[in-house]
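These are my notebook entries on a structure that I have not examined before. I set down each item that I looked up, in turn.

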Amino acid sequence: MATDDEGMNMSDSKGTNVLVLLGSLRAASINRQLVELAIENAPDGVHLRLFDRLGELPFYNEDIDNEDVAEPVVALRRAATEADATLVITPEYNGSIPGVLKNAIDWLSRPWGNGALKDKPLAVVGAALGQYGGVWAHDETRKSFGVAGPRVVEDLKLSVPTKSLDGKHPRENAEVAANLRDIVGKLVAEVG
Ligand SMILES: Cc1cc2nc3c(=O)[nH]c(=O)nc-3n(C[C@H](O)[C@H](O)[C@H](O)COP(=O)(O)O)c2cc1C
């Protein structure tokens, strides 16, 4: 029987909440499949929760970022408040961050200096068609979130060229599955 010294700690007993943000709105998104894989393979006590409403956010505008801010923004910020860490899973669009994800970063960056993800660990992964698997988008997502408030864990990296998946769900790729599970475990280990 497990004792306190054999692995139970405060984090295990209440679980760790990981907010998942997905940079593709496409129904058949390969990055959505990576989200599914991350959830399927989550370590015990780790709850990955996809915030699946990025497409409902209005474009960021300081004029509407007030006490009457749109409900999807309230929901996003609440999900961020409830999270201990964030996993971002995104493709690359035109060498950079898909607009829907950048818009979410901008909403999460406010109130400036006191956003809901302030100082919480965040990792960025994803898949894209190009031979480098979207590494530009992933680097730029790290850069932007690094300005926005979270604590970006720079060495947690996974950029999957979609061709390497052979048209199959990424759960059928043992290397991708193992790497993603490892990243989630290391991200959770960063929770203070
Ligand atoms: C508007 C647009 C721009 C794209 N730009 C890039 C790119 O710069 N680099 C790249 O590797 N793939 C690019 N792609 C291809 C995507 O990586 C590919 O469609 C990927 O599967 C999209 O992710 P998803 O399957 O999660 O929707 C682009 C796709 C679209 C629709």
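Predicted model: local features only at pLDDT ≥ 70, side-chain atom pairs only at ≥ 80, totals over all residues.

Residues are numbered from 1 along each chain as its sequence is written, and side-chain values use heavy atoms, with hydrogens and water left out.

**Entry: backbone in the loops**

I looked up Asp119 and found a positive phi of about 65°, although Asp119 is not a glycine. Asp119 sits in the loop between H4 and S4; helices (H or I, at least four residues) and strands (E, at least two) are DSSP runs, numbered from the N terminus. Asp119 counts as exposed because its relative accessibility is 52%.

In that loop, between H4 and strand S4 (121-128), I also located Pro111. The peptide bond leading from Arg110 to Pro111 is cis, with omega near -5°.

Asn94 has a positive phi too, of about 50°, and is not a glycine. I place Asn94 in the loop between S3 and H4. With a relative accessibility of 84%, Asn94 counts as exposed.

**Entry: helix H4 and its cover**

Is helix H4 mostly covered or mostly open? Seven of the ten residues of H4 (residues 99-108) are buried, and I record the helix as mostly covered. The buried residues are Val100, Leu101, Asn103, Ala104, Ile105, Trp107 and Leu108. Their cover includes strand S1 (16-22), helix H3 (71-82), strand S3 (85-89) and H5; contact here means heavy atoms within 4.5 Å.

**Entry: Thr141**

I then turned to helix H5 (residues 135-148), which holds Thr141. Thr141 counts as buried because its relative accessible area is 0%. Leaving out residues up to four places away in sequence, Thr141 touches Val88, Thr90, Ile97, Leu101, Ile105 and Val124. Leu101 and Ile105 are among the buried residues of H4.

**Entry: Glu175**

Glu175 belongs to helix H6 (residues 174-189). Glu175 is exposed because its relative accessible area is 58%. I noted 15 Å between the C-alpha atoms of Glu175 and Gln33, which are 142 residues apart along the chain.

**Entry: the ligand**

Which residues are closest to the ligand? Of the 13 residues that surround the ligand, the closest are Ser24, Arg26, Ser29, Asn31 and Gly95; a residue is near a molecule if one of its heavy atoms lies within 4 Å of it. I divide the shell into five nonpolar, six polar and two charged residues. In this scheme Ala, Val, Leu, Ile, Met, Phe, Trp, Tyr, Cys and Pro count as nonpolar, Asp, Glu, Lys and Arg as charged, and the others, Gly among them, as polar.

I found an oxygen atom of the ligand 2.5 Å from an N or O atom in the side chain of Ser29. For the side chain of Ser24, the corresponding separation is 2.7 Å. A polar backbone atom of Leu129 lies 2.9 Å from an oxygen atom of the ligand. Taken alone, the ligand exposes 620 Å², of which the protein buries 70%; these areas come from the Shrake-Rupley method with a 1.4 Å probe.

**Entry: the record**

Technical notes
Polar contact = N/O pair within 3.5 Å; in protein donor to acceptor, adjacent residues only side chain to side chain. Buried < 20%, exposed > 50% of the residue type's maximum accessible area, 1.4 Å probe, protein only.
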